[in-house]
Amino acid sequence: MRLQPLRWGGRVAVGLAVSSALVLSACGGSGGGSDSSASGLSPEQTQACMDKANAGLADYAQFATTLPASPPARYTTLDQRPPAGKRIIMVRQNFPATASAFAAVQEATASLGWTAEAIVYDTTVPDFVAKMDQAIASKPDFIVEMGLPVGSFQKQVDAAKAAGITVLTASTSDSPASIPGYGGSADGAETAKLIGRLQAYKTMQDSNCTGNTAVFSMDYPVLELSEESYTATVAELCPTCRVDVQKLQPKDLGTPAASAQMVSKLQSDPSIGYAYTIIGDIGSGLAQALKPAGLENVKIFGQVPNETSIADLRNGTNAWWINQSSTIEGYELVDMAARISVTGQLQSDPGGFPLAILTPQNVPPGQSVPVVPANILDLYKATWKVGSSS
C-alpha cells in the first residue's frame, strides 16, 4: 500500500501537582476581539500575523482519508505479518481518554491474534510504580502507558528490560532507548510541539491577532511542550498578545473544583478571550460554568477531546478541538508493538500523528468522539498485512 501525503483537517496526558499561574508572554491584547487596533499591532503587523496563521493551517483545511505519508510518519508497510500470540498490558489512569485508548488497544490486538489487558492506577506515581511491578511480574511481551515520563519509573523500565519486556509510551516527551526496555514513543514530543503551533495559529486566525489566552493544563512534560510551543508561536505572531498558564490537579478533573479554578482565573482578567483547556478531561463542565459567571463569550478549545468536548462543540459552546484522538493513540501503541515484533527497531515519534481540527461547522454527527479518518484501523492493518475489519 502506497501512502500519499494528504491535507489534514484540524488534532493525552495528565499531571501531578498544581502550580500558580505563570505569565509567559508580553502584556497587552484584547481577548477575543476582532479590531486589529486593540492588539497594539500595526495594520501591517496584523496582516503578517494573519498570513502566517492562515499558512500554518492550510494543510488542515480538509480531513485526511489515509494515514500520514512516510516520512515523516512511520507507516511503511511491514515486510511480513507480525507473529501471532503476543500479549500487551496497559497500565492506565481511570480517565475517559485512557479508557477509549485501551478499547482501541483491544480492538487492534485482536486483529493481530494478540491479547490485551489493563491495570488501572490512581493517577499517583507510587501507585503507577506498584502497578508496573505487577505488570512486569505477569511477563507480557509489551507494557504500554500514556502520559507519565519514563524518568518517573526508570527502575521499572530496567526491570522490564531484564525480563525481556518492551515498554511503549504515548503522550510522553522521552526518546526510546532499547528493545527490550523502553522501545517506543507515539504521539510524543514532536507531535506536542506541532499541536501547540496549530492551536496558536487557530487562536490568531479566530481573533484577528488580538487574542489573550488562559492555558489550563497539568504538570506533564509532554503537555508543557504544547504550552511552550503555543506561547512561543503567539509571541512570534502577536508580541502584544498575552498567554497565562495555570496548572490543575488530576484529582480535580471533571469536578466543580476544576471549573471553579478556571472561572476564577477568567474572572480575574476580563481581557482573556480564549481558554485553552489542554485536554478534554480538563474542559469538561467549563462551558456550563461560564454562563452564570457572565463569561459565555470566552472561547474554549483544546486537544484530546472527550465526549463532553464534542457535545459542546456540536452545540456551539466550544470553539474548536484538535482531535488528537485517544482511540488513535491506542492504535499507535499497537502499531509500535507490531513494528517492533517484525523489525526489532526502536519506534520514535516523527511528528506524524494523525490529527484533525474539529469545529462546530465540520464536526461529524453522532454522540461519540469522531475518529478521523473513520476507517483508520483498516489503514493500520493494511500496513501490518492483516485483512480488513469490515
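**Close-up views of a predicted model**

**View 1. Asp312 and its neighbours.** Leaving aside residues up to four places away in sequence, Asp312 touches Ala287, Gln288, Thr317 and Asn318 (contact means heavy atoms within 4.5 Å). Asp312 sits in helix α10, residues 307-314; helices (H or I, at least four residues) and strands (E, at least two) are DSSP runs, numbered from the N terminus. Here is a point to look at: Asp312 is buried yet has no salt bridge. Buried means under 20% relative accessible area, exposed over 50% and partly exposed in between, with a 1.4 Å probe and protein chains only. A salt bridge is a side-chain nitrogen of Lys or Arg within 4 Å of a carboxyl oxygen of Asp or Glu. The nearest side chain of opposite charge to Asp312 is Arg314, 10 Å away; Lys and Arg count as positive and Asp and Glu as negative, while His and the chain ends are not counted.

**A note on the model.** This is a predicted model, in which local features need pLDDT of at least 70 and side-chain atom pairs count only at pLDDT 80 or more, whereas totals for chains, interfaces and linings use all residues. Residues are numbered from 1 along each chain as its sequence is written, and side-chain values use heavy atoms, with hydrogens and water left out.

**View 2. The disulfide of Cys49 and Cys209.** The sulfur atoms of Cys49 and Cys209 are 1.9 Å apart and form a disulfide (a pair of cysteine sulfur atoms within 2.5 Å). Cys49 belongs to helix α1 (residues 43-57) and Cys209 to the loop between α5 (189-207) and β7 (212-217), so this pair ties together parts that are 160 residues apart in sequence. The link is left-handed, with -95° about the S-S bond. Both Cys49 and Cys209 are buried.

**View 3. The disulfide of Cys238 and Cys241.** Here Cys238 is joined to Cys241, S to S 2.1 Å. The torsion about this S-S bond is about 70°, so the disulfide is right-handed. Cys238 counts as buried at 0% relative accessibility, and Cys241 is buried with a relative accessible area of 0%. A search of the whole structure finds 2 disulfides, and with bonded cysteines counted along the chain, their pattern is 1-2, 3-4.

View 4. Lys247 meets Asp219 in a salt bridge (2.8 Å, N to O). Asp219 lies in the loop between β7 and α6 (221-237) and Lys247 in strand β8 (residues 243-247), so the pair ties together parts that are 28 residues apart in sequence. Lys247 also forms a salt bridge with Glu224, the closest N and O atoms being 3.2 Å apart. Glu224 lies in helix α6, so its pairing with Lys247 in strand β8 ties together parts 23 residues apart in sequence. Lys247 is buried, with a relative accessible area of 6%, while Asp219 is partly exposed at 25% and Glu224 is partly exposed at 26%.

**View 5. Arg242 and Asp269.** The side chains of Arg242 and Asp269 meet in a salt bridge, 1.7 Å from N to O. Arg242 is in the loop between α6 and β8 and Asp269 in the loop between α7 (256-268) and β9 (272-279), so the pair ties together parts that are 27 residues apart in sequence. Arg242 counts as buried at 11% relative accessibility, and Asp269 counts as buried at 16%.

**View 6. A salt-bridge network.** Arg74, Glu332, Asp335 and Arg339 are linked in a network of salt bridges. The structure holds 15 salt bridges.
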